[in-house]
Amino acid sequence: QASPIYRDIRKLNVPGNVDFPYLFGADDAEWYAETTTTKNEGQEFKNIKLTGHELAKAIEITWKAEAMTVEGFISFLLDELNEKMNKALINAVIYGDGSAKPTGITNGLTAKTNTNAIDLFKACLGDLTKENRVGAKIYVASDVADELAFYKDENGNYPYLVSGLGRAGKVTIEEDPFLSAGDVVVGNGQNYILNFNEGLRVDKEVKVQPRRVVYGGYLVADGNKKPGAFVYGKVTGSASV
């Protein structure tokens with residue numbers, strides 16, 4: 001159930017509303033003769049502005065159910081709560097619209113389309129600047145990964161099944177099960193920042209009159225990407241290689 005995209009993004013724990021600066025543009029270094037004065041470097045910085053959005057989920061059971069439950073059942077409920085919270089968080093990182101939730105990597109991007117996965121990878125990589133291509137990966141949905149894995153070449157061999165998804169040129173390809181069918185995301189995960197104002201916690205509330213117990217998960221977070229750092233693609237029709 002792990003998400004390579006979520007694993008690779010930058011995660012911080014800074015309280016309050018924050019602005020994270022990133023280098024938008026800068027002059028390159030130059031060679032100089034021995035007595036020549038070095039120029040002042042031209043740099044332009046912009047900011048990623050993040051606030052905090054609440055993510056919550058509650059599970060309610062009766063006192064009787066809690067008292068009669070087999071050992072380990074409460075741990076099962078808490079694991080389920082944790083899984084649902086993390087699923088919602090990962091989906092927001094990828095697809096969030098920024099309305100009461102983080103702004104996702106794909107938000108605001110127009111998907112490049114192609115029926116051929118490899119051609120789509122090439123087109124997506126070509127849209128990244130030289131700087132944003134450094135450390136970039138190709139993240140693919142499970143159906144796209146399957147098409148690649150079971151691709152048969154003209155000699156009847158399965159090159160990707162034998163060697164794994166591997167690389168496209170020098171760029172790593174990874175399957176992300178949280179991507180929707182046909183989706184491809186290309187970029188360096190470190191160019192997305194997810195800031196936790198408050199990390200995931202679980203609280204217990206006892207209700208006396210209805211004789212119920214509520215376990216609630218809660219966190220406060222916001223995230224956004226560096227503009228231009230990611231490209232979104234979609235394999236349409238047959239996800240052939």
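Predicted model: local features only at pLDDT ≥ 70, side-chain atom pairs only at ≥ 80, totals over all residues.
Me: What makes up the secondary structure of the chain?
Reply: The chain has 7 helices and 12 strands. Of its 241 residues, 37% count as buried.

Me: Why is Asp 8 called buried?
Reply: Buried means under 20% relative accessible area. Asp 8 has a relative accessibility of 15%, so it counts as buried. You can find Asp 8 in helix 1, residues 4-8.

Me: What makes the pairing of Asp 8 and Tyr 139 a polar contact?
Reply: The cut-off for such a pair of N or O atoms is within 3.5 Å. The side chains of Asp 8 and Tyr 139 are joined at 2.6 Å. Asp 8 also has a polar contact of 3.2 Å with the side chain of Lys 137. Beyond its neighbours within four places in sequence, Asp 8 is in contact with residues including Glu 174 and Gly 189.

Me: How do you know that the buried residues of helix 4 line one face?
Reply: Helix 4 covers residues 117-126, and its buried residues are Ala 117, Leu 120, Phe 121, Cys 124 and Leu 125. Viewed down the helix axis, these buried residues fall within an arc of 130°, so they line one face of helix 4. On the face turned away from the buried side, helix 4 carries the exposed residues Lys 122 and Gly 126.

Me: What makes Asn 116 a cap for helix 4?
Reply: A side-chain oxygen of Asn 116 lies 3.1 Å from the backbone nitrogen of Ile 118, and this caps the N-terminal end of helix 4.

Me: Why is Trp 63 called partly exposed?
Reply: Partly exposed falls between the buried limit of under 20% and the exposed limit of over 50%. Trp 63 has 33% relative accessibility, so it counts as partly exposed. Trp 63 lies in helix 2, residues 63-68. Together with Val 206 and Val 208, Trp 63 makes a nonpolar surface patch of about 280 Å².

Me: What makes Lys 207 and Glu 60 a salt bridge?
Reply: The limit is a side-chain nitrogen of Lys or Arg within 4 Å of a carboxyl oxygen of Asp or Glu. In this pair, the closest N and O atoms are 3.6 Å apart. The bridge links distant parts of the chain, with Lys 207 in strand 10 and Glu 60 in strand 4, 147 residues apart. The structure holds 14 salt bridges.

Me: How do you know that Arg 212 and Glu 60 tie together separate parts of the chain?
Reply: The two side chains meet in a salt bridge of 3.5 Å, N to O. Arg 212 is in strand 11 and Glu 60 is in strand 4, so the pair ties together parts 152 residues apart in sequence. Arg 212 has 31% relative accessibility and so counts as partly exposed, and Glu 60, with a relative accessible area of 39%, is partly exposed.

Methods: Residues numbered from 1 in each chain as written. Heavy atoms only, no water. Helix = DSSP H or I, 4+ residues; strand = E, 2+ residues; numbered from the N terminus. Buried < 20%, exposed > 50% of the residue type's maximum accessible area, 1.4 Å probe, protein only. Polar contact = N/O pair within 3.5 Å; in protein donor to acceptor, adjacent residues only side chain to side chain. Contact = heavy atoms within 4.5 Å. Patch = residues over 30% accessible without salt bridge, like charges linked within 9 Å, V, L, I, M, F, W, Y side chains within 5 Å. Areas by Shrake-Rupley, 256 points an atom, 1.4 Å probe, with all protein chains shown as cover. Arc of directions from axis to C-beta.
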